[in-house]
Amino acid sequence: MARWRTGRRIDKDLRALTLVGKEGTVQMLVRIAVADPLPVFRHGVVQILRDAGFEPETPDDLFAWVRDEQTTVVVLTLQTEADWRTLEGLRRTAAGLVLVALLEQMSVSDSVRALRAGAACVMARDASPSAFRKRLRAVARGESVVPVEVLRELATPTANSSPPGEPSPAERDWLRGLARGVTVGRLAAEAGYSERMMFRLLRDLYTRMGVRNRTDALITAQHHGWL
């Protein structure tokens, strides 16, 4: 089995990723998905990427798209809580996925939240085409440009940091719904996921909470005051 060095090198035309190992080199096509609620904006991002040499896609089902082994990058606009849940869900679905978050307002708090949720890079949604291409090239090389104030916030421990296993606000809502008898199918519909994905997210939550099933999760949540 070939052993490849950590890190990737992007070719100058930005269409292929070259991995260098003991047995030679392997090239993989860079696949990029663009997700934004506005068709005109989405078309603009796609055109910028095409001008840079990429062949971006705009899949209807991001979760199905990222299951492909060749998936590399998803550019995702974060506007609503459903978008944030999508970011977290994508990170759990494909560990090697590179997520680029586009923010309506580049605040320190939202930038930190996006990075902690799994984004490798955070950019303003109104970034110039040249800045967008520059950041994407950096991401493709395995780098990330983080503003100093965001880096300081990430490096500063906070007194109210959540302990390991504590559900996020969205996950607490799911637990409250389950406690009221809401079905997983209804939770999925309200959160914007498929029922299958919701079952997967709940299993991940139970694992982090250190419980075996829904009943144990609700008992634990009640004990910690998360309901």
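Buried here means under 20% relative accessible area, exposed means over 50%, and partly exposed is in between, using a 1.4 Å probe and protein chains only.

Okay, some ground rules. What we have is a predicted model, where local features need pLDDT of at least 70 and side-chain atom pairs count only at pLDDT 80 or more, while totals for chains, interfaces and linings use all residues. Residues are numbered from 1 along each chain as its sequence is written, and side-chain values use heavy atoms, with hydrogens and water left out.

So, the overview. The protein chain has 10 helices and 7 strands. Those are DSSP runs, numbered from the N terminus: helices are H or I with at least four residues, and strands are E with at least two. Of the 227 residues in the chain, 42% count as buried. Contact, by the way, means heavy atoms within 4.5 Å. Take the contacts between residues at least 6 apart in sequence: 54% of them join residues at least 24 apart.

Now back to the cores. Which residues touch the most other members of the largest one? They're V74, L90 and M198, out of 45 residues in that core. Helix α9, residues 195-209, gives the largest share, with 7 residues. There's also a second, separate core of 18 residues, and it includes V45, V73, M123 and F132. As background, in soluble globular proteins nonpolar side chains tend to be buried together. If you click on L90, look for its neighbours: leaving out residues up to four places away in sequence, L90 touches L62, F63, V66, V74, L76, L97 and L99.

Next, find strand β6, residues 98-103. Why do we call it largely enclosed by the rest of the structure? Because 6 of its 6 residues are buried. One side of β6 has V98, V100 and L102, the other has L99, A101 and L103, and all of these are buried.

For two strands to pair, DSSP has to find at least two bridges between them. Across that pairing, L102 stands opposite M123 of β7. In β7 itself, C121 and M123 point one way, V122 and A124 point the other way, and all are buried.

Together, β6, α4 and β7 make a right-handed β-α-β unit. Right-handed means that, with the strands pointing away from the viewer, the path from the first strand over the helix to the second runs clockwise. Helix α4 covers residues 108-116, and S111, V112, A114 and L115 in it are buried. They sit on the same side of α4, because they cover an arc of only 165 degrees around the axis. The arc is that of the directions from the helix axis to the C-beta atoms. After α4 you'll find G118, with a positive phi near 125 degrees.

Let's compare that with helix α10, residues 214-224. Here A217, L218 and A221 are buried. Their arc is only 95 degrees around the axis, which puts them on the same side of α10. On the other side, T215, I219 and H223 are exposed. What do the buried residues of α10 pack against? That would be α7 (169-179) and α9. At the N-terminal end, N213 caps α10: one of its side-chain oxygens lies 3.2 Å from the backbone nitrogen of T215. α10 is followed by G225, whose phi is positive, near 75 degrees.

Last stop, T77, in strand β5, residues 71-78. Is T77 buried or exposed? With 2% relative accessibility, T77 counts as buried. Its side chain makes a polar contact of 2.4 Å with the side chain of D36. A polar contact is a pair of N or O atoms within 3.5 Å; within protein, one must be able to donate a hydrogen and the other to accept it, and residues adjacent in sequence count only if both atoms are side-chain atoms. Not counting residues up to four places away in sequence, the residues T77 touches include A35, P37, F41, D83 and R125, and also L102, one of the buried residues of β6.

That's my tour, thanks!

Note on methods
A nonpolar core is a set of buried Ala, Val, Leu, Ile, Met, Phe, Trp, Tyr and Cys residues joined through side-chain atoms within 4.5 Å.
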